[in-house]
Amino acid sequence: QVRMVESGGGLVQPGGSLRLSCAASGSIRSINVMGWFRQTPGKQRELVATITSGGSTNYADSVKGRFTISRDNAKNMVYLQMNNLKPDDTAVYHCNAVPPLRVGEANYWGQGTQVTVSS
């Protein structure tokens with residue numbers, strides 16, 4: 001079972017940048033679509049960016065033009081470059097397959113990485 005470990009979050013001022021990394025414990029070559037999700041307390045988890053095994057990307061309207069997703073299948077890594085960050089981007093960010101990997105009857109989620117955008 002592949003597991004994800006997210007890193008790279010932190011506190012940044014509005015307009016700043018962060019690069020998130022996701023290290024998979026196994027091969028992601030067979031996973032067609034990988035994505036970055038984010039969640040804030042009391043809100044539903046939001047899918048913000050996806051990338052296919054062929055490199056096609058898609059973004060939520062709220063991050064389009066500011067975020068860039070990439071993947072390196074050889075290293076089993078997925079990245080999210082976030083530029084021009086806004087306070088509304090504050091959330092815990094997770095990477096996962098799309099649809100999410102399953103553990104029994106539930107979706108698997110790693111610990112995520114906290115992104116806080118504040119002055």
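Select threonine 52: at 22% relative accessibility, this residue counts as partly exposed, a label for values between buried (under 20% relative accessible area) and exposed (over 50%), with a 1.4 Å probe and protein chains only. This is a predicted model, where local features need pLDDT of at least 70, side-chain atom pairs count only at pLDDT 80 or more, and totals for chains, interfaces and linings use all residues. Residues are numbered from 1 along each chain as its sequence is written, and side-chain values use heavy atoms, with hydrogens and water left out.

Threonine 52 sits in strand 5, residues 46-52; strands are DSSP runs of E, at least two residues, numbered from the N terminus. Leaving out residues up to four places away in sequence, show what threonine 52 touches: Asn32, Val33 and Arg71. A contact here means heavy atoms within 4.5 Å.

Next, pick arginine 66, in the loop between strand 6 (57-59) and strand 7 (67-72). Is arginine 66 buried or exposed? Buried, at 8% relative accessibility. Draw a distance from its side chain to the backbone oxygen of serine 62 and you get 2.8 Å. Beyond four places in sequence, arginine 66 touches Gln81, Met82, Asn83, Asn84, Leu85, Lys86 and Asp89.

Last stop: select Arg38, Gln39, Thr40, Lys43, Gln44, Glu46, Pro87, Asp88, Thr90 and Ala91, which line the largest pocket. A pocket is an open set of points on a 1 Å grid with protein on both sides within 12 Å along at least five of seven lines, and lining residues have an atom within 4 Å of a point. Its volume is about 160 Å³.

Key
Helices (H or I, at least four residues) and strands (E, at least two) are DSSP runs, numbered from the N terminus. A polar contact is a pair of N or O atoms within 3.5 Å; within protein, one must be able to donate a hydrogen and the other to accept it, and residues adjacent in sequence count only if both atoms are side-chain atoms. On a 1 Å grid over the protein atoms alone, a cavity is a set of points where a 1.4 Å probe fits but cannot get out, and a pocket is an open set with protein on both sides within 12 Å along at least five of seven lines; lining residues have an atom within 4 Å of a point. Grid points are joined across faces, edges and corners, and a volume is the space filled by probe spheres set on the points.
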